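Dear colleague,

Please find the structure below, followed by a summary of what was found in it. I would be grateful if you could read the two side by side.

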Amino acid sequence: MYLAVVFLALLTIALSTYFLSKNTQLREKIQEDADAQILKPKEGNGEEDTKTRIPISVNYHLTRQCNYSCGFCFHTAKTSHVEPLDNAKRAMLLLKEAGMRKVNFAGGEPFMNAKFLGQLAQYCKSTLQLESVSIVTNGSKVTPTWLAEYGKYIDIMAVSCDSFDEATNVKIGRGTGKHLQKFRQLAGLCEEYGVMFKVNTVVNRYNWQEDMNAAIQAMGPKRWKCFQVLIIDEENGGDKTLRDAREFQITGEEFQFFCDKHKHNACFVPEGNGVMKSSYLLLDEYLCFLNKGVKGKTKSILEIGVKEAMKDVYWDEEGFQERGGEYPWTKPSTGGCGEGKNPELEF
């Protein structure tokens with residue numbers, strides 16, 4: 001009898017230990033499954049990483065060289081470097097894959113490398129099918145032959161003109177006396193070849209009191225961007241830089257005076273220093289994003305990729321939207337600049 005009691009007791013202990021172990025293993029398995037479910041990435045829900053920054057519109061300063069000597073230039077001729085065309089195309093592809101919808105080619109003067117510019121524009125518009133390809137130029141080296149070959153790939157041609165008094169342009173360094181003649185010719189060529197014509201004006205010490213209303217209304221640009229002259233310490237900010245723009249500086253009140261005089265023009269778009277600085281994504285001649293006036297530039301996007309480079313870019317996205325960085329920027333598919341006017345393209 002005694003042995004039977006001892007046997008039952010040992011059996012009870014053994015069974016309890018067995019089931020306790022099983023229960024523990026079951027609880028651990030349930031916890032492991034729950035942890036795995038939490039850590040497992042969700043699939044097929046269409047959610048994106050909201051922290052990823054998309055380079056919607058990029059300004060590619062493909063060269064620093066220029067044939068003009070504007071005293072307030074903020075992207076000066078520190079180097080003569082231009083990337084090989086294949087590298088530039090690969091960079092444009094990476095940017096398109098990262099979400100770029102518009103590219104703007106600038107300099108220096110981008111027409112210092114006219115064939116390179118045309119071939120790259122053709123690639124961006126025809127092969128990558130970007131929504132918009134635009135160019136900022138002083139206009140002096142644009143030819144009818146170039147527009148006949150490449151105009152179909154350009155949505156917007158932005159031509160710089162700081163005064164409708166030639167003597168003022170010369171004082172600024174905007175040419176040597178024939179800038180307005182070329183400027184007006186180019187406006188006609190843009191209309192002929194179906195490129196939207198835009199005017200860029202830097203408001204500075206020598207033109208802030210000028211009345212440009214009649215001239216602008218006579219030319220009828222699609223867009224007239226007016227910038228308050230900007231000082232970037234490492235580019236145009238003093239005695240040790242290639243340009244010293246301090247003599248061109250104006251106050252906020254003087255810039256507002258100019259704006260008030262011209263704001264009734266439908267094409268008028270003002271940009272003071274507060275909105276302009278850091279609201280542009282600037283790619284330099286080495287395919288690096290610039291952080292002008294804030295910190296050093298990033299590594300080349302060919303080396304580290306766009307996503308990684310964007311992590312180190314100081315880009316004021318709110319300022320980008322505030323200054324109207326997104327707008328209807330694609331030209332009509334047929335007809336010249338003034339033909340078949342589409343109210344949705346009035347920008």
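**Packing of helices α2 and α3**

Helix α2 (residues 85-97) and helix α3 (residues 114-127) have axes that come within 10 Å and cross at roughly 30 degrees. Because angles under 35 degrees count as roughly parallel, α2 is roughly parallel to α3. The crossing in which α2 passes α3 is right-handed. From α2, the contact is made by Leu85, Ala88, Lys89, Met92 and Leu93, and from α3 by Phe116, Gln119, Leu120, Tyr123 and Cys124. These residues divide into 8 nonpolar, 1 polar and 1 charged. Please bear in mind throughout that this is a predicted model.

**Valine 103**

Strand β2 (residues 102-106) contains valine 103. This residue has a relative accessible area of 0% and is therefore buried, the cut-off for buried being under 20%. Which residues does valine 103 touch, leaving aside those up to four places away in sequence? They are Val58, Tyr60, Met92, Cys124, Leu130, Ser132, Val133 and Ser134. Two of these residues, Met92 and Cys124, also belong to the contact of α2 with α3. Valine 103 and methionine 92 are 11 residues apart along the chain, and their C-alpha atoms are separated by 8.5 Å.

**Methionine 100**

Methionine 100 is placed in the loop between α2 and β2. Its relative accessibility is 1%, so methionine 100 counts as buried. Residues up to four places away in sequence not being counted, methionine 100 touches Pro55, Ile56, Val58, Met92, Leu95 and Leu130. Val58, Met92 and Leu130 are also among the residues touched by valine 103. Along the chain, methionine 100 and valine 58 are 42 residues apart, while a distance of 7.1 Å separates their C-alpha atoms.

**The buried face of helix α9**

Helix α9 (residues 252-262) has as its buried residues Glu254, Phe255, Phe258, Cys259 and His262. How are these residues arranged around the axis of α9? Seen down that axis, they fall within an arc of 145 degrees, so the buried residues line one face of the helix. Among the elements that cover them are the strands β5 (196-203), β6 (223-228) and β7 (268-271), together with helix α7 (213-219).

With kind regards

Notes
Residues are numbered from 1 along each chain as its sequence is written. This is a predicted model: local features need pLDDT of at least 70, side-chain atom pairs count only at pLDDT 80 or more; totals for chains, interfaces and linings use all residues. Side-chain values use heavy atoms; hydrogens and water are left out. Helices (H or I, at least four residues) and strands (E, at least two) are DSSP runs, numbered from the N terminus. Buried means under 20% relative accessible area, exposed over 50%, partly exposed in between (1.4 Å probe, protein chains only). Contact means heavy atoms within 4.5 Å. Axes are lines fitted to C-alpha atoms, for helices over the stretch in contact, and angles run from 0 to 180 degrees between N-to-C directions. Angles under 35 degrees count as roughly parallel, over 145 as roughly antiparallel, 65 to 115 as roughly perpendicular and the rest as oblique. A crossing is left-handed if the near helix is turned anticlockwise from the far one by less than a right angle, and right-handed if clockwise. Ala, Val, Leu, Ile, Met, Phe, Trp, Tyr, Cys and Pro count as nonpolar, Asp, Glu, Lys and Arg as charged, and the others, Gly among them, as polar. The arc is that of the directions from the helix axis to the C-beta atoms.
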